Amino acid sequence: MGNPHTVIVNLKNYKESTGQNLIGFLGSLKGIENEKNVRIIMAVSPLDLVNAKKYSSYEIFSQTVDPVPKGAFTGKIPIEGLLEIDVKGSLVNHSENRIGSEKIESIMGISKKLNFETVICVESLEEARRYAPMKPEFIAYEPPELIGGEVSVTTAAPSIIRDVVDACSGSDVKVLVGAGVKNADDANKSIELGAHGVLIASGIVKSHDPLKSLKGIIQGITDSC
Ligand code: G3P
């Protein structure tokens, strides 16, 4: 597979995957870090980034970032600071942490200069059209009403996924889809609809067998290639 598909697992602030449970959770996915056909990224709370880097060999992204340089910016998360701990990308504007277009634009300005990868999360086709020209590495389409639920975005909004893929096709931006994604069929469908991969949280973190669930997602993606 020349250009591997991508799965981003968002650990959110779930009890099962953060703080004292972070290392155990990442350990429960043992073996997946060697997966060759799909790029696997863990999106980790800023509180846990250092530990995630220290105790696992996953590719780690932050769940959020701020458009500031290093300096007198209390409580902010500068891209340079993330790069110093070898965190090379971040979610931006997640539905649970919306930041608005001005801040997104500033983050994109800095990230381009520093070669930092961004995943701009969007809730609609209109937002995908607005942010694709900024050329993030990824646009992640996630309808907020489906997040954490039982109905997958691939079932509820297939035509919007196709439209988002079309909107991003001219700008080399990879499209991820998320919200309610749970199994191999959902992952398979996302690729069939033209997406590059999935952004997933509860389907892995809340699963009684996270490793099996993540393997299922990877299988669904590779089956469609
Ligand atoms: O960032 C991923 C997320 O918002 C989707 O959540 O639980 O529906 O996979 P979930």
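In this predicted model, an oxygen atom of the ligand lies 3.0 Å from an N or O atom in the side chain of Asn10, a polar contact being a pair of N or O atoms within 3.5 Å. Residues are numbered from 1 along each chain as its sequence is written. Because the model is predicted, local features need pLDDT of at least 70 and side-chain atom pairs count only at pLDDT 80 or more, while totals for chains, interfaces and linings use all residues, and side-chain values use heavy atoms, with hydrogens and water left out.

**Ligand surroundings**

- Two further side chains place a polar atom by a ligand oxygen, His94 at 2.8 Å and Ser202 at 2.5 Å.
- Taken alone, the ligand exposes 300 Å², of which the protein buries 100% (Shrake-Rupley areas with a 1.4 Å probe).
- The residues around the ligand, with a heavy atom within 4 Å of it, are Asn10, Lys12, His94, Glu142, Ile147, Gly148, Ala179, Gly180, Leu199, Ile200, Ala201 and Ser202.
- By class, this shell has five nonpolar, five polar and two charged residues, where Asp, Glu, Lys and Arg count as charged, and Gly is among the polar ones.

**Cavities**

- On a 1 Å grid over the protein atoms alone, a cavity is a set of points where a 1.4 Å probe fits but cannot get out, and lining residues have an atom within 4 Å of a point; by this rule there are two cavities of 30 Å³ or more.
- The largest cavity has a volume of about 120 Å³, a volume being the space filled by probe spheres set on the points.
- Its lining comprises 17 residues, of which Ala179, Gly180, Ile200, Ala201 and Ser202 lie nearest the centre, and the elements giving two or more residues to this lining are strand 8 (197–200) and helix 9 (202–205) (DSSP runs of at least two residues for strands and at least four for helices).
- The lining of the largest cavity has seven nonpolar, seven polar and three charged residues, and the space taken by the ligand is this cavity (more than half of the ligand atoms lie within 2 Å of its grid points).
- The second largest cavity, of about 30 Å³, is lined by residues including Gln63, Thr64, Leu91, His94 and Asn97, and its lining has five nonpolar, five polar and no charged residues.

**Largest pocket**

- A pocket is an open set of points with protein on both sides within 12 Å along at least five of seven lines, and the largest pocket holds about 150 Å³ of space.
- Asn10, Lys12, Asn13, Gln63, Thr64, Leu91, His94, Glu96 and Asn97 line the largest pocket, with one nonpolar, six polar and two charged residues by class.

Methods: A polar contact is a pair of N or O atoms within 3.5 Å; within protein, one must be able to donate a hydrogen and the other to accept it, and residues adjacent in sequence count only if both atoms are side-chain atoms.
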